[in-house]
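Let's work through some exercises on aromatic rings together. Keep the structure in view and take each solution one step at a time.

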Amino acid sequence: MCANITESRRQISFNEEIEFSGIVVSEPKFTDNSQRFSFELAPPHAGRITVFVSRIPEYRLGDSLALNGTIEKQTDYPLPAAFFPDVISSGRGQLSGFTLLKSKLVDFKKLFISEFRRVLPPDSA
């Protein structure tokens with residue numbers, strides 16, 4: 001089944017293999033073998049989805065990605081999702097305003113945590 005949905009100027013093509021691009025707009029969450037993040041689609045597509053990709057390489061808030069895969073409606077997640085799409089290209093996106101601030105805060109948090117791990121014994125970190 002192939003459907004296009006338009007909600008308040010947001011268009012997402014569901015259940016068909018497409019090439020789509022956009023920006024990572026949330027800090028990735030990691031499991032043993034994957035990572036997931038919110039992804040804001042760029043034109044000609046529009047909207048926000050959850051993307052699940054392999055753990056390596058690690059992506060960051062603000063990364064710009066071009067992907068090829070299928071976007072599916074989800075009952076378990078609030079956003080539609082793309083499960084393990086092919087990553088065609090990646091780079092650092094143009095960040096501005098709140099997203100730039102959030103990206104800098106996430107980078108600072110990671111640095112802070114890595115310093116704790118370096119200085120404190122493993123039981124305390």
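**Exercises on ring pairs**

The structure holds four aromatic pairs. Rings of Phe, Tyr and Trp (its six-membered ring) pair if their centres lie within 6.5 Å; planes under 30 degrees apart count as stacked, over 60 as edge-to-face and the rest as tilted. This is a predicted model, where local features need pLDDT of at least 70, side-chain atom pairs count only at pLDDT 80 or more, and totals for chains, interfaces and linings use all residues. Residues are numbered from 1 along each chain as its sequence is written, and side-chain values use heavy atoms, leaving out hydrogens and water.

**Exercise 1.** Classify the pair of F37 and F39.

*Solution.* Start with the distance: the centres are 6.4 Å apart. Next, take the angle: 55 degrees between the planes makes this pair tilted.

**Exercise 2.** Now classify the pair of F37 and Y59, and find where its partners lie in the chain.

*Solution.* The ring centres are 6.2 Å apart and the planes meet at 70 degrees, so the pair is edge-to-face. F37 belongs to strand 5 (residues 34-41), while Y59 is in the loop between strand 6 (48-54) and strand 7 (63-72), 22 residues apart. Strands here are DSSP runs (E, at least two residues), numbered from the N terminus.

**Exercise 3.** Are F37 and Y59 buried or exposed?

*Solution.* Buried means under 20% relative accessible area, exposed over 50%, partly exposed in between (1.4 Å probe, protein chains only). Both F37 and Y59 are buried; for F37 the value is 2%.

**Exercise 4.** Which residues do ring pairs link into a cluster?

*Solution.* The cluster consists of F20, F37, F39 and Y59.

Notes. Helices (H or I, at least four residues) and strands (E, at least two) are DSSP runs, numbered from the N terminus.
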